[in-house]
Amino acid sequence: MNIPKIDHIGIMVKDLEAAKRTYSEGLGLKLAKEETNEAHGLKVAFFSCGEVMIEVIEPIGPGIAMDFVEQTGGGVHHICFAVDDADAAFAEIKAGNILDSFMPAPVTGAAGSKVFFLSPETIHNA
C-alpha cells in the first residue's frame, strides 16, 4: 500500500460557524470548501493548511459523530491518509489481519471521496 501523504485532519466541533471564525479569523486559514452530508448527518468545512486540509465537522443528526462530540466535547477525530486506491487499500488491510475496520467496505465521504475508518483499537487508540 502506498501512502504518499496525510490528506486531512478531521476535527469534530459543536458549532461549525464558531469554529469557522476561529480557523479563518483566528488562525488565518483559507476556507477551501463547505458541504452538508445529509447521509452521514454532518456539516463540514475544509481549510487549507499547506499540503494538509483541516476538516472541521459538526454533527447535525444522531450517529457516531454526535456520540463522539457528546462523549468528548469534540476535538481531533481522525487523520486521513491519502492512498492511490481506497478499495485496494481496504482489501489489503482486511487481508493482512493486522489492521481492522469496523466498516464492511469503503463509503462515500466528504467531497465525494471514498473513505473507510480503522478500528481505534487497531491503531492503538483504545
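I started with helix α3 (residues 86-96) and listed its buried residues, which are Ala86, Ala89, Phe90 and Ile93. Buried here means under 20% relative accessible area, with a 1.4 Å probe and protein chains only. Looking down the α3 axis, I get these residues within an arc of 100 degrees, so they line one face of the helix. The arc is that of the directions from the helix axis to the C-beta atoms. An α-helix has 3.6 residues a turn, so residues three or four places apart point the same way. Next I checked what the buried residues of α3 pack against, and it is β7 (114-115).

Notes on the source: this is a predicted model, where local features need pLDDT of at least 70, side-chain atom pairs count only at pLDDT 80 or more, and totals for chains, interfaces and linings use all residues. Numbering runs from 1 along each chain as its sequence is written, and side-chain values use heavy atoms, without hydrogens and water.

Then I went to the whole fold. I find three helices and seven strands, in the order β-α-β-β-β-α-β-α-β-β from the N terminus. Both are DSSP runs: helices are H or I with at least four residues, strands E with at least two.

Of the 126 residues, 35% count as buried. For contacts (heavy atoms within 4.5 Å) with a separation of 6 or more, 50% come from residues 24 or more positions apart.

Last, I noted the box filled by the C-alpha atoms: roughly 45 × 30 × 25 Å along the principal axes.

How values were computed
Buried < 20%, exposed > 50% of the residue type's maximum accessible area, 1.4 Å probe, protein only.
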